[in-house]
Amino acid sequence: MRALRQRGTGRDSQVWGSALSLGDMTVSREDVREFLVTRRARVTPAMVGLPEGGARRVPGLRRGEVAILAGVSVEYYTKVERGDLRGVSDEVLEAIASALRMDDAERAHLFDLARVANAGARARRRAAPRPRMREGLRHLLDATTDAAGVVGNARGEIVATNALARALYDPLFRAQGDAVSYPRFVFLDPASRVFYPDWEDIADGSVASLRTAAGRDPFDRAISDLVGELSTRSDEFRVRWARHDVRLHIQGLKRLVHPVVGMLELEYNVLELPADPGLGLTFYTAAPGSDSAERLRLLASWWATQQAASRDAPAI
């Protein structure tokens with residue numbers, strides 16, 4: 001297994017083995033340790049109202065400073081940062097998250113790590129059941145015509161689309177067939193750098209979302225296999241995976257360069273689907289009256305023409 005030297009630490013890290021082992025898995029203490037160490041490295045004494053206290057061998061706060069801010073002993077925090085989350089109370093987790101200035105995604109990830117660590121027994125990798133599309137959800141997608149609608153899972157796979165989203169992501173479907181995976185497209189297909197003009201941000205977000213999913217369900221075989229594949233085949237993925245960044249994929253702005261209509265600047269909002277565990281529904285819309293709104297209409301017209309031509313083509 002290839003090791004990478006982590007910036008600012010002066011040591012090597014087994015990137016995916018330390019975070020999401022293959023085979024029989026437990027929540028890795030190394031995974032917990034690396035997450036907390038990387039969060040601690042970002043917080044300066046000035047950010048939390050502490051004096052610098054002389055030269056520092058590593059960036060960020062010292063363990064003792066985190067312990068003071070969290071209201072626990074240095075020995076106890078050291079145990080936690082070494083990866084032992086067994087028996088750690090929610091109150092202590094909240095205090096550590098606050099001391100390390102964690103955002104909502106990072107706090108949720110810490111709690112996910114603790115939840116799985118406290119589950120106790122070793123768990124075998126398992127294949128997650130493939131979510132089934134409910135007829136009502138399919139109807140909702142098809143009834144939405146002014147927004148591109150995508151149903152996806154935590155691994156970044158497209159499960160279903162409406163017509164406009166199918167047109168929007170036509171380059172991905174042409175490259176991958178019906179089994180479209182955003183992470184594979186971003187890190188294994190050079191065309192992604194043209195399709196996504198903000199490729200670095202897209203790549204960062206893709207890995208952070210996958211890291212979040214892995215923390216929530218580290219025994220999902222499809223997640224661990226995907227991480228292993230991308231870690232082996234992409235240096236860009238491997239470096240980002242070692243950062244232990246996480247994110248909540250809820251809403252934002254995304255720019256795409258479609259080969260038919262050109263640049264699109266789209267707002268996206270992700271809706272939870274309580275009746276469909278493991279799935280999320282994302283709608284992409286353009287600001288009313290914008291160039292992107294007009295280009296979405298052109299895209300819809302183009303796709304309708306393509307589909308009509310396909311239906312009218314003589315059978316061979």
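Which residues in helix 11 meet Ile-223, Leu-226 and Val-227 in helix 12?

**View 1. The contact of helix 11 with helix 12.** In this predicted model, where local features need pLDDT of at least 70, side-chain atom pairs count only at pLDDT 80 or more and totals for chains, interfaces and linings use all residues, the residues of helix 11 that meet those three are Leu-210, Ala-213 and Ala-214, contact meaning heavy atoms within 4.5 Å. The residues of this contact divide into six nonpolar, no polar and no charged, with Ala, Val, Leu, Ile, Met, Phe, Trp, Tyr, Cys and Pro counted as nonpolar, Asp, Glu, Lys and Arg as charged, and the others, Gly among them, as polar. Residues are numbered from 1 along each chain as its sequence is written, and side-chain values use heavy atoms, with hydrogens and water left out.

**View 2. The axes of helix 11 (residues 199-216) and helix 12 (residues 221-233).** These axes, lines fitted to C-alpha atoms over the stretch in contact, come within 10 Å and cross at roughly 140 degrees, the angle running from 0 to 180 degrees between N-to-C directions. Helices are DSSP runs (H or I, at least four residues), numbered from the N terminus.

**View 3. Asp-84 in the loop between helix 3 (74-81) and helix 4 (90-99).** Leaving aside neighbours within four places in sequence, Asp-84 is in contact with Arg-29 and Lys-79.

**View 4. The chain around these sites.** The secondary structure comes to 14 helices and seven strands, the strands being DSSP runs of E with at least two residues, and buried residues make up 46% of the 316 residues in the chain.

Notes
Buried means under 20% relative accessible area, exposed over 50%, partly exposed in between (1.4 Å probe, protein chains only).
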